[in-house]
Amino acid sequence: MPEAKGTALITGAASGIGRAIARRLAEAGHRVVLTDLDLAGATELAQSLGEKATALQLDITDRARVDDLPNLVPPAFRPIEILVNNAGHDIGGRTRFDLGKADDWSSIIDTNLNGLMRVTRAMLPDMVRRNSGDIVNISSISAIRMVPDMAAYTASKAGVRAFTDILRADLAETGIRVTEILPGLTKTNIILKRHRGDKAAEQEYFERFKIALDPDDIARSVLFALDQPAHVQIAQLYILPVNRW
Ligand code: NDP
């Protein structure tokens, strides 16, 4: 049985990368609060992890609920020492900007950037009070590699990139560490959702790239950053499949 470690709250924990992070952290001895739009998925995962996990419904674009998030965490899971900002989507992505739907790009920015910032804002005061904590933001390789037809997603992730650096600087006088993880293409449902459920388009997408990462590849990187001694801050990690540059 691993020793007890800090409690983590993970957004978008019901599927893909968030799910893998939740599993890895729980296996490493962290207690985990699994939040997602999909309460049934988060609950099912929490039950499989046992007493060290609990599930909460959370839409990170729901301002009132996000502001109340610290009060929604069950007392037995406080304080939250690690925040993993993972929830995100790319619905309607890969469309020439002028041909895409404005509602799609505003939803992408609202979730991937505004939602992430708001969750961070809600959870920070307690970490600042305690002068310790970890914030791990899952951005994307898209934040630095500009891919055509992905304007909103790229803008949202470049925003997370910049926000994470400024946050690290803002918190430099505290003991809080701020880490950005930039995954390359990873096999999750985000691609299927991007193509609005079109399996053939998803298949073609993955075939074009031949190799994609597994969600657990990203989860191991998160654990690597968290497992450093308290005076070591992993600022950024780019994770790419071996055949990509
Ligand atoms: P998934 O779609 O598998 O997981 C994303 C999770 O976030 C889902 O459970 C989704 O719920 C949830 N979510 C979406 N919107 C919200 C919201 N408003 N509030 C709360 N939860 C929400 O995708 P990934 O695991 O791939 O994505 C995780 C993160 O990794 C994202 O930030 C993504 O941008 C990033 N990323 C992914 C890459 C990839 O190639 N897969 C590459 C680089 C970065 P629901 O299923 O109900 O929509």
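Q: Which residues come nearest to the ligand?
A: In this predicted model, where local features need pLDDT of at least 70, side-chain atom pairs count only at pLDDT 80 or more, and totals for chains, interfaces and linings use all residues, the shell around the ligand has 29 residues, and G12, G16, G88, T188 and I190 come nearest. A residue is near a molecule or strand if its C-beta atom, placed from the backbone, lies within 6 Å of it. Residues are numbered from 1 along each chain as its sequence is written.

Q: And which elements give two or more residues to that shell?
A: Those elements are α1 (16–27), α5 (102–130) and α7 (189–194); helices (H or I, at least four residues) and strands (E, at least two) are DSSP runs, numbered from the N terminus.

Q: How many of the shell residues are nonpolar, polar or charged?
A: The shell around the ligand has 15 polar, 10 nonpolar and 4 charged residues, where Ala, Val, Leu, Ile, Met, Phe, Trp, Tyr, Cys and Pro count as nonpolar, Asp, Glu, Lys and Arg as charged, and the others, Gly among them, as polar.

Q: Switching to the strands, why is β4 described as largely enclosed?
A: Strand β4 (residues 80–85) has 6 of its 6 residues buried, so it is largely enclosed by the rest of the structure. A residue is buried if 20 or more other C-beta atoms lie within 10 Å of its own, exposed if 12 or fewer, and partly exposed in between, with C-beta atoms placed from the backbone.

Q: What does β4 pair with?
A: Strand β1 (residues 5–10) pairs with β4 in the parallel sense over 4 bridges, and strand β5 (residues 133–138) also pairs with β4 in the parallel sense over 4 bridges; two strands pair if DSSP finds at least two bridges between them. V84 in β4 stands opposite I10, while I82 has D134 in β5 as its bridge partner.

Q: Which residues have the most contacts inside the largest nonpolar core?
A: That core has 50 residues, and I10, I21, A22, V32 and L34 have the most contacts inside it. A nonpolar core is a set of buried Ala, Val, Leu, Ile, Met, Phe, Trp, Tyr and Cys residues joined through C-beta atoms within 7 Å. There is also a second, separate core of 5 residues, which includes W105, M150, A152 and Y153.

Q: What is I21 in contact with?
A: Leaving aside neighbours within four places in sequence, I21 is in contact with I10, V84, N86, A219 and V222, where two residues are in contact if their C-beta atoms, placed from the backbone, lie within 7 Å.

Q: And A22, buried or exposed?
A: A22, which is found in helix α1, is buried, with 31 other C-beta atoms within 10 Å. Apart from neighbours within four places in sequence, A22 is in contact with I10, A13, V32, L34 and L45. The C-alpha atoms of A22 and A8 are separated by 8.4 Å, the two residues being 14 apart along the chain.

Q: What about L223, where is that?
A: L223 lies in helix α9 (residues 215–226) and is partly exposed, with 14 other C-beta atoms within 10 Å. Once neighbours within four places in sequence are left aside, L223 is in contact with R24, L25 and A28.

Q: Changing topic to the backbone, which peptide bond is cis?
A: The bond from R78 to P79 is cis, with omega near -5 degrees, and P79 lies in the loop between α4 (69–72) and β4.

Q: Which residues other than glycine have a positive phi?
A: Among them are N131, with phi near 55 degrees, and D149, with phi near 70 degrees. Most residues other than glycine have a negative phi, and most peptide bonds are trans. N131 is found in the loop between α5 and β5 and counts as exposed, with 11 C-beta neighbours inside 10 Å. D149 is in the loop between β5 and α6 (151–170) and counts as partly exposed, with 13 C-beta neighbours inside 10 Å.

Q: Last one, what radius of gyration does the whole chain have?
A: The chain has 17 Å, which agrees with the value near 18 Å that a compact globule of 245 residues would have; the radius is taken over C-alpha atoms, and the globule rule is 2.2 Å times the number of residues to the power 0.38. The secondary structure comes to 9 helices and 7 strands, and buried residues make up 40% of the 245 residues.
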